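Please examine the structure before reading on.

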Amino acid sequence: MRIVLGVGGGIAAYKVASLLRLFTEAGHDVTVIPTEAATRFVGVATWEALSGNPVTNSVFDDVDQVKHVRLGHEADLIVVAPATADLLARAATGQASDLLTNTLLMASGPVLFAPAMHTEMWQHAATQANVETLRSRGVTVLEPASGRLTGSDSGPGRLPEPEAIFEAAIALMQDTGVPAHLPLAGRTVTISAGGTREPLDPVRFLGNRSSGKQGVALAAAARDAGATVRLVAAHMEVPAPAGVELIAVETALQLREVMLAAAAESDVVIMAAAVADFRPAEVSGSKIKKRDDTADPVITLVRNPDILHELVGVRDAAGSSQLVVGFAAETGDEQGDVLSYAEAKLKRKGCDLLVVNHVGADKVFGQDNNSVVILSRAGAEPQSASGSKQDVAAIVIDRVASELSRVFPRT
Ligand code: CTP
């Protein structure tokens, strides 16, 4: 989920680094907006390094992007910690004096304040009135913890512990229908997509009808589930989604090399690419010409390696708990139907899940909808999924997440 973490100018700002950690480890994408005063306690570089996102507190940076509008609108949750007396006052009176207060005015999702200040400031009628106002508008303002404060004083006014703020934030997201746990947080998923092209000469190739739409939808679904995603793309007719690492390849041999390297660092490997089983035995360095004085050319093909099978072999040899998912394009014929061919393919390939498509010239390839059956090596009942390629991708990624947590629980 996208979280904006507003940091106020109080000594407790340093504790918010742990809160940021808790959010990022749970797979959330956090943008930190410190106030000017907050940067006197903890520098911008710390927030950038811990969040992995750029940090500013000025509405005049990147003006063209209208940051406060985008951040406020897009945030699934805004958390302000430590919420100083000044920040509570500015928020309660709707001031827009810096990027954080601008963003708060643009917020469309839940907002949580975790106050921290001296007891007298917290108990002051002005602060209490501001808290009341904010709460009356549906904002969650936590009670500060009690205990030792910055000086020799003690009493209510301590910032609640980062774990307590994190739990309150998760509960608030759940109450407002925002999913708080991302099922693939902390996982790396490598997905191949598109159709390989096997060159004949500098201008011609043997290709296939794959558009890459299903692989791209899978990459977006895995990203939305919190995974770090690598998309290994052969020829695709659609752009790669934002927020995933894209590695472009052309041939099956290139795809094999990149997949083997990427798989070594992945929790999940999904082979959604349509890989050419054969390639021309010889690739002409110059354009093959038609000539009247010679016979028509004959193209000899040689087998490409079976990448999926090899990935499973490498995984098994390493004794790793990686989950390997294959796709099967089947047409069925007089010797067997789609499912019987798919079951044989699942055994042959050895992958954990096989997502089976029924294909034909007008079915699946390039279309926006898809209908699949998910077979499992462990022998679970076949699971059907249909709808848009995005719907199918979400179901496949859900299944991947549940297989991962069942068979290979997080250590
Ligand atoms: N695949 C692969 N390497 C190949 C061919 C296919 O890794 N050389 C992968 C595909 O990405 C897919 C799965 O294997 O995940 C099944 O692909 P499919 O084309 O349905 O099967 P084939 O192996 O080509 O088998 P057949 O020709 O018998 O249909």
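Q: How far apart do the C-alpha centres of domain 1 and domain 2 lie?
A: The C-alpha centres of the two domains are 44 Å apart. The domain assignment of the protein chain gives domain 1 as 2–175 and domain 2 as 184–407; such bounds come from an automatic or database domain assignment. This is a predicted model, in which local features need pLDDT of at least 70, side-chain atom pairs count only at pLDDT 80 or more, and totals for chains, interfaces and linings use all residues. Residues are numbered from 1 along each chain as its sequence is written, and side-chain values use heavy atoms, with hydrogens and water left out.

Q: Which part of Met271 and of Leu308 lies 2.7 Å from an oxygen atom of the ligand?
A: For Met271 it is a polar backbone atom, and for Leu308 it is likewise a polar backbone atom.

Q: Why are nine residues of the shell around the ligand called nonpolar?
A: They are so called because Ala, Val, Leu, Ile, Met, Phe, Trp, Tyr, Cys and Pro count as nonpolar, Asp, Glu, Lys and Arg as charged, and the others, Gly among them, as polar. The shell also has one polar and five charged residues.

Q: What kind of peptide bond joins Ala81 and Pro82?
A: A cis peptide bond joins them, with omega about -10 degrees.

Definitions and conventions. A polar contact is a pair of N or O atoms within 3.5 Å; within protein, one must be able to donate a hydrogen and the other to accept it, and residues adjacent in sequence count only if both atoms are side-chain atoms.
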